[in-house]
Amino acid sequence: MESPVSAESAPPTPTPAPRNHTPSPSPRAEAQELRMEEKERTANTEEDPIYLSLLSKVSVLVDEPAEDASERAEERAEREAQRQLLATEELVYTERNYLRLLQVCTCTIRSNLQNLQPQLPNLDSMFLYIEEVIDVSGRLLSLLDQKQLTPHDPLFLETLCDAFLSLSTDMESAYKEYLANYNTVTALENSYKQKDALWTEIVKVIKSSEPEVNATSLSFFLVMPVQRIARYPLLLQTIMKHTEPGHPAYSLLEQTAHTAIALNCRINEYKRFREVADKYKKTETLTIRDKMNRLNSHSIAKKTARLSQFIKHETGIAPKLVDEEFDALEGFFYLLENGITVLHENVETYLDHLQRFLSCRPEEFDLDMDGEKPAICYKEIITALRQWILPTFEKRMRTLVHKPICSLRELLAGPRNLISKRLDKLLDYELIEEKPSLSYDEQAVANTYKTINTLLLNELPQFNGLALTLLWGMLGAFSCLHKDLAKDMEQLFQGFTQQLPHGSLEPNAFWEWAECSLLEGARRLESLCWNVKDQLNAPIVQPLSPGSQKRLKVLTDKHGSGKIYQLMGHVVGTRDLDLSLNRGELVAIISEMDTRGDKRRWLVDAGGPRGYVPSSKLVRYHQVTMDPPPSPHLITTMDHAGGVRRHSCTPGVRPPSYTPDTPQPRLLRSMSMTVPCLQVLAGYDFMARSSHEVSLRAGEPIRVLEPHDKKGSCDWSLVEVRGQRGYVPSNYLTVMPTSTTPTAPYR
């Protein structure tokens, strides 16, 4: 095998020295000799012209790479500048195209979609907050155009950064609301897609509005702001990447890029907060079955842990996490909610009373007051109030006070649900707060609590402030409406001042008269109310009708007299197995509770149907001891004698007339001196229970039209009382003599 060192490069083999040879020097001495020879050889070559020429050529070759490096650096700088220019032009060009497409979407496409028949539901919700996005983008381009600079100008980059930084706050407020509402946009578009015919029409409108784009959905345009706000940091970072650190606008460009990144982070955080708020502020109306279907082992364990933690807080076993700032906000919110609720109830009651007052129109009736001048003035005033002044006042009240207070009351549900959900999440968070390491689910629970707490701390003060401002505004509108009402009424009364009896009174005397009149009217009204209440609550002591007597006998024979009760008022069944009965009907008690043990519902027998009635409507029946008088339509002695009935229940039948020359019957002659005049009266109070019956008051005169009903039954009589006609039980009527006739015969 050959040696790694070639034969040519191998040192020559030394020849053996003769015997009388001088000893060779040491290695150190040889090295010194070699260095000396090298110096001499170098000194000789420096003086050689050929060497000098070769050295100059080598120096030229050495200098050439340095010049290439500088050229390459210049070329690199030019390329970076070119890339910076392209990135800047891309930002400006795409911004202009982006703004143009948004304007096409909101103007052309939106107006064409509004002309579709039938109209699209909730179309305006799809374009919510897009006007603010278009406005901020247009302002950015206008700031760039005001300087009249092009991307080639050295100052353009500085102008771009200044414009972006000046609009960063407005840009954040516009884009964060749009992005938070974008889920609603996609949900509405999906609802449109479910209707094939409607979606086909929408696509036709979109393609005809902008054929160059060839868009096939609204989301093609509406997703652009979502993409654009995320692209700003990328474009600015690209420009900064191709900008030299020594550039005058580099520090400003770096600040702008960081601002764009922070802006996106805040928008994402706001969107996350809104998603959490939308998730937990919903008010769900769940049935018991839905709630039962949601139960599982996980939910039961979670609610049990919350309940246990809550009991520990209330009993003092475990300390409660206290947040004084939130507690103050929560207390003020509940105070505000209570005030809004009370105001809402009072305004509704006020409007209800006003509506009832307007529905009562006594001036429309002819009360025969032609000769009474003050009464006529009052009538004209009341007519003007009811027809013009008060309806206008009611309309303004509903628009300026009632409608806003209803809307504000509905808005309270969202914060209330979030506060309640924060308490639940706080109980969950306290259970895992002390753990050194958290699982994925536990970390999600902690993040949810922190998100809700931060959201409430940021948003609840603003909500409380705005709600309080609206509340004060509604109260101010309420006061102004009454001030305008007083002015209108004063203007109305000025034309009747001299015609009214109190128009000439002094102010003090007038107010004294008004106060006395009001107090007297209030006293009379209160007395009337008490009288009506006493009449309504009076026990039922009237005798029973024949049908009720039969029912009483059946129920007594079946259940005994101790089980008979009477209804004090009308009952309308609202649940299964409930009975609908009228006031005064008799029932027998079967059980004093329902199947669930509720003693407020009694099981009764109504003489046929069985069911439940409220126990508060029942009272033990006490039978009237006095027997009802005989039916007044029974014939008197005159009737038995073949004469005409002597009371007022014979309408249309005139008795035969007798003259002194006409021979009178013996019985008539004998009774002409002693037979009294009779009159039919109501012996007892009777409450009508249907439109075919008429109510009676004990002692009032009655005119009997027919002593039987349409079926010929004598249990009911057709009577006329107080100008009203109807049927009453015949045994409620009685016959009373009014006076004794003199010697003249009865005619």
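**Exercise 1.** Which residue in β4 is the bridge partner of Trp602?

*Solution.* The model is predicted. Start with the strand pair: β3 and β4 run antiparallel to each other and share 5 bridges. Then read off the partner of Trp602, which is Val613 in β4.

**Exercise 2.** Give the strand order of the open sheet and name its edge strands.

*Solution.* The sheet has 5 strands in the order β4-β3-β2-β1-β5, and the pairing is antiparallel. β4 (610-614) and β5 (618-620) each pair on one side only, so they are the edge strands by the definition of pairing. From one strand to the next, the twist averages 50°.

**Exercise 3.** Check the length of helix α19, then place the helix on the sheet.

*Solution.* Step one: α19 covers residues 546-559, 14 residues in total. At 1.5 Å a residue the span should be 20 Å, and the end C-alpha atoms are 20 Å apart, so the two agree. Step two: α19 lies across β1, β2, β3 and β4, at about 20° to β2. Step three: Pro546, Ser548, Leu552 and Leu555 of α19 are buried. The buried residues of the helix pack against β1 (564-567), β2 (586-591) and β3 (601-605). Step four: Gly560 follows α19, with a positive phi near 95°.

**Exercise 4.** Describe how α16 and α17 cross and what their contact is made of.

*Solution.* The axes of α16 (residues 413-432) and α17 (residues 440-494) come within 9 Å and cross at roughly 145°. The crossing is left-handed. The contact of α16 with α17 has 14 nonpolar, 2 polar and 6 charged residues. Among them are Leu418 and Tyr429 in α16, and Leu456 and Phe463 in α17.

Methods. Residues numbered from 1 in each chain as written. Predicted model: local features only at pLDDT ≥ 70, side-chain atom pairs only at ≥ 80, totals over all residues. Heavy atoms only, no water. Helix = DSSP H or I, 4+ residues; strand = E, 2+ residues; numbered from the N terminus. Expected span 1.5 Å × (residues − 1). Buried < 20%, exposed > 50% of the residue type's maximum accessible area, 1.4 Å probe, protein only. Contact = heavy atoms within 4.5 Å. Axes fitted to C-alpha atoms, helices over the stretch in contact; angles between N-to-C directions. Left-handed = near helix turned anticlockwise from the far one by under 90°. Nonpolar A, V, L, I, M, F, W, Y, C, P; charged D, E, K, R; others polar. Pairing = 2+ DSSP bridges.
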